[in-house]
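Colleague: Before I rely on any of the labels attached to this model, I would like to go through them with you one by one.
Modeller: Gladly; let us set each value beside the rule it has to meet.

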Amino acid sequence: MRRVLSVILFLTVLFTTGCKDTTDLTSLPRGEVSSEWAAAAESFYNEAISVTAPDRAQPYSIMAVEHGNVVFEQWFDGKMPDSKNDVFSVSKTVLALAVGFAVEEGLFSVEDRVIDYFPEQLPEHVSDTLSAMKIRHLLTMTCGLEETPKLLSVFKTDSDADFDWISEFFASNQTAMPGTKFYYNFFSSYIVAAILEKTSGTSVMDYITPRLLEPLHITDMEWQKSPAGICVGGWGMSLCTEDVAKLGQFLLQHGKWNGNQLLPAEWVGTMTSKLVESSPLQAFTKSSDPAVLNDPSNDHSQGYGYYVWQGKSGTYRMEGMLGNYAFVNPEKETVLVFTSNSNMDQRYIDLIWKHFAHLF
């Protein structure tokens, strides 16, 4: 009886704080609220916050979309439907969508050499590794470069990041030929953003607004710029939960929205496919336990597309650090979004699978 009352209370909170007017055409349509999703969310939340410090998770929101209809939505920790959160590397997937538009419009090709776009920022000696790097290598985290400590210092709170990030990128450690090794290079996306801005003659935000944001009614997105005024590309994006869900639904629908094919389905199919093998690497420290690196069951060992992680059971996901995800299951036509503040990494994804796998 206590369990039933708990679920009823959870649903009551949902109805009073989470539901939007279904007549609002700028929102995703709302379906019948699912008690199964509510029960799963409650058990997930209770276990997530029970973890001891310093890894205790703080979920901010959960949203489930089935067959295009929101069937569950809930906010925590004082967050509301219009609350924006830093979704970190979810922004990389949005950048990959922007690249799809640029490729379709002939601004550049993923087979283009990267160095050809930055002749004035290259080192005195251009190695074979650097010369062989193509845009697709940036998109798949196989560019062959590992960032210098100076580049990684950008993420420190007391960083003086006012230096040329592009020149420093090309001065990075050259450890592999492009396409041969997966290595999570944060600044690969910055270079992609810089190429997009060079070829389009405008900012990434201005470029994608009429092509993607306006059709999806995403009106309040923020995206950080570097000291040089270039979109950082791979981080620094703030979105509300429903906007993340819209982007997940856009991927699920292969680039179609409200009956209009905005982005070629072929591009979306490619970017959400397994293009390269991947391995789990701890962000920023770039190190991990060998047992984890070689664990085929790890969610970061399932492969990588164009800034999209492959997942288990035929899923793929947009992923940002601290537990920000949009899982997409094409077979079940489901999108499951989380915004959070968590240091649990793989354990957080394990919790998601534990409590939602029977629905997702």
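Colleague: Why is Phe-44 called buried?
Modeller: Phe-44 has a relative accessibility of 0%, and buried means under 20% relative accessible area, with exposed over 50% and partly exposed in between, using a 1.4 Å probe and protein chains only, so Phe-44 counts as buried. Tyr-348, also at 0% relative accessibility, counts as buried. Please keep in mind that this is a predicted model, in which local features need pLDDT of at least 70 and side-chain atom pairs count only at pLDDT 80 or more, while totals for chains, interfaces and linings use all residues. Residues are numbered from 1 along each chain as its sequence is written, and side-chain values use heavy atoms, with hydrogens and water left out.

Colleague: What makes Phe-44 and Tyr-348 an aromatic pair, and which kind of pair is it?
Modeller: Rings of Phe, Tyr and Trp (its six-membered ring) pair if their centres lie within 6.5 Å, and planes under 30 degrees apart count as stacked, over 60 as edge-to-face and the rest as tilted. By this rule the count comes to 27 aromatic pairs. For Phe-44 and Tyr-348 the centres are 5.6 Å apart and the planes stand at 70 degrees, which gives an edge-to-face pair. Phe-44 lies in helix α2 (residues 35-48) and Tyr-348 in helix α13 (residues 346-356), so the pair ties together parts that are 304 residues apart in sequence. Helices here are DSSP runs of H or I with at least four residues, strands are runs of E with at least two, and both are numbered from the N terminus.

Colleague: How do you know that a charge sits over the ring of Tyr-207?
Modeller: The rule asks for NZ of Lys or CZ of Arg within 6 Å of the ring centre and within 35 degrees of the ring normal. Arg-211 lies over the face of Tyr-207 at 3.8 Å from the ring centre, and Lys-150 lies over the face of Phe-163 at 4.7 Å.

Colleague: What makes β11 and β12 a strand pair?
Modeller: Two strands pair if DSSP finds at least two bridges between them, and strand β11 (residues 316-320) and strand β12 (residues 324-329) have five, in the antiparallel sense.

Colleague: Why is β1 described as largely enclosed?
Modeller: Seven of the nine residues of strand β1 (residues 58-66) are buried, so the strand is largely enclosed by the rest of the structure. Strand β1 pairs with strand β13 (residues 334-341) over eight antiparallel bridges, where Ala-64 stands opposite Leu-336. With β2, strand β1 forms six antiparallel bridges, and Met-63 has Glu-73 as its bridge partner there. In the hairpin of β1 and β2, which has two residues between the strands, His-67 takes a positive phi near 50 degrees.

Colleague: Which side chains make polar contacts with the side chain of Glu-319?
Modeller: A polar contact is a pair of N or O atoms within 3.5 Å; within protein, one must be able to donate a hydrogen and the other to accept it, and residues adjacent in sequence count only if both atoms are side-chain atoms. The side chain of Glu-319 meets that of His-300 at 2.7 Å and that of Arg-317 at 2.7 Å. Glu-319 lies in strand β11 and, with a relative accessible area of 14%, is buried.
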